[in-house]
Amino acid sequence: MDKQALKFGKARDEQTKQANIEHASNVFFQLLGLVPDEKHEILIEIMSDEARLEHIEETRLKLAQVIASLDLQGQREEIVRLLMELIPVEDVVPTIYEKYRPMVIDAAKVIFTHLSAERLQNKLVDQLVLPLEASLQERILMLIARMPTLQKLGQIIARNKNLDPEFRRRLQRLENGIRDVTFDAIKEKVQDELKRQLTLHEVKLGRKLLAEASVCAVMPFTFRDDEGAKKRGVFKVLKPFIAGYWAEELKILEKLAEFLDRNRANYGLPTIGFKEILKEVRELLKREVKLSIEQGRLQEANDFYAGDDNVRVPQLLHLRTKTVTGMEFLEGEKVTSAAVKFPAQRKRIAELVLDKLILAVLFHEKEHALFHADPHAGNVFYSVESDELVLFDWGLSCTLSREIRRELVQLILGFILNEPERTFKATCNLTVGKISPLHLAAVEKRVQEIFADLPLFPLIRLEPLTRLLDELILDGVRFPSELLMFRKSLFTLLGVVHDVDPEFNTDLFVTRMFLGQIVSETPQRLRKLPWSRNYPSQISTWELRHIVVRLSVIAARLGLMTTQLLAELGVDWATQGINSF
């Protein structure tokens, strides 16, 4: 049976390969019709040469000379059409989102139609360099090479469980596997930027890049500190082409937002202001390419996690400029890789991710809580030797005010107490500006739908929280930009936790930690009024009483003592049993 399945799989792969070749060949011959006659023979010779893939750089140079002969402005519309025919991006949109496929196609056309002539030329060359049998996923990853905003989007959705598993796996390479800058280019930039400091601190650069992300590359080095001790460090270096590309892409995204606002009726999109949302988020994204801002955030992150034995943030070094950041080298592995390498630690890693990147933010005692706004697995490492999370790349980070955290806790408390009205009120309080009657009705409708699907057992529910926010955003309800970024962070982290340990019960763990936080606040509660919420948990003693009453009712239904049920919440128990109530 296994041999038959293997044979069938090979036959299917061969059919797919042949289909890819036929499809790519058809597009190639259409492209040939756009090339000046005198270049036909040259292009055919290049594409027919079986050795062309063995000499990539030489092939790229030859192809670039041919493509440069195209009228990249006058023929732009036809060139973009051929790119979209070669790479039908709609085919990777999951079935669950199929109604958005027409929008995805047109959005891709808008993006590439407004790309500069030089970059559009490079996109064509990139595709011609690939073998004819290249898969759709391979072509898409090549298409978004050197497109930092689209690579960032790929990193966000890489942990989406609804995507095709193979496509998810390929997208996850964007977390640390981008390869679109050379070692020599980064080395030259470091030497040019730091100059005398390299000699002063006896810096010896590594021989290869340690990692690449969408915006920066990381180069290892050794140096001597002020006391003369030899230490290891890393330079995080802004890629030379990023500043121009990033600025261009942000302008293109603005045009895309305008396009979606004009054509929302064609796609059944909600009456939200895409341009207004982009304007808010755009200011946050701009920080990604300003390493001086991240350098300040690194110091803030070190302060935020000061005294926490299970979190490390790299210490900033004096070896830095506006486009090069020197920081200490920290050991560790991507949390998803560590979970595979150390399966006994899966649960522990999942607990640390939730505790340190979500709960530590929600239950922070100060007015503003710093959070990592780009916590894909490539930025979250685990050290098994020290049982620590190592958190990299603070370029995209934000703070969440106490006011927003308090309303989020109230929203979730509505889930625990089975009080839709509490969740409704908190959701309304989270919105921006005066909420219209139309949007009030939308909030009420979505809250009712969430509660209709909600298990009655009193646990903190994170996925219903993200679902509620998502649906209301699509209904045109506006939320603060920092809340949108926190929701993005939460979405990413839930996907990471699932990939670390698919069996992990997120809601039970978060509830257990929440109850533990409340218990730790008991001495403070004795000195404050019962309706005060001035605690890290944001929960008043009066509301705590309601939680205990709710637990008592559930305990009675289960035939347990309330104290026994509280004890049960401190250990794992069957998810099936929980969801049945």
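How many of the residues of this protein count as buried? Of its 581 residues, 53% do. Buried means under 20% relative accessible area, exposed means over 50%, and partly exposed is in between, with a 1.4 Å probe and protein chains only.

A word on the source. This is a predicted model, where local features need pLDDT of at least 70, side-chain atom pairs count only at pLDDT 80 or more, and totals for chains, interfaces and linings use all residues. Residues are numbered from 1 along each chain as its sequence is written, and side-chain values use heavy atoms, with hydrogens and water left out.

Now the overall picture. The protein has 26 helices and 12 strands. These are DSSP runs numbered from the N terminus: helices are H or I with at least four residues, strands are E with at least two. Next, contacts, meaning heavy atoms within 4.5 Å. Among contacts between residues at least 6 apart in sequence, 69% join residues at least 24 apart.

On to the rings. A pair of aromatic rings is described by the distance of the centres and the angle of the planes. Rings of Phe, Tyr and Trp (its six-membered ring) pair if their centres lie within 6.5 Å; planes under 30 degrees apart count as stacked, over 60 as edge-to-face, and the rest as tilted. A search of the whole structure finds 11 aromatic pairs. Take Phe-371 and Phe-486. Their ring centres are 5.3 Å apart and their planes stand at 85 degrees, so this pair is edge-to-face. It links distant parts of the chain: Phe-371 is in strand β9, Phe-486 is in helix α21, and they are 115 residues apart. Phe-371 is buried, at 1% relative accessible area. Phe-486 is buried too, at 4%.

Next pair: Phe-381 and Phe-392. They are edge-to-face, 5.1 Å centre to centre, with 90 degrees between the planes. Phe-381 lies in strand β10 and Phe-392 in the loop between β11 and β12, so the pair ties together parts that are 11 residues apart in sequence. Phe-381 counts as buried at 17% relative accessibility, and Phe-392 does at 19%. Ring pairs also link Phe-221, Phe-223 and Phe-235 into a cluster.

The rule: NZ of Lys or CZ of Arg is within 6 Å of the ring centre and within 35 degrees of the ring normal. Arg-232 has its charged end over the ring of Phe-329, 3.9 Å from the centre. Lys-528 lies over the face of Tyr-535, 4.8 Å from the ring centre.

Two helices to finish. Helix α2 covers residues 37-48. Which residues of α2 are buried? They are Leu-43, Ile-46 and Met-47. The face turned away from the buried side carries the exposed residues Glu-38, Glu-41, Glu-45 and Ser-48.

Then helix α20, residues 463-474. Its buried residues include Pro-464, Leu-465 and Glu-471. What covers the buried residues of α20 includes α17, α18, α19 and α21. Just after α20, Gly-476 takes a positive phi of about 95 degrees.

Last stop: Tyr-100, in the loop between α4 and α5. Not counting residues up to four places away in sequence, Tyr-100 touches Leu-269 and Leu-474.

Conventions. The expected span of a helix is 1.5 Å times one less than its number of residues.
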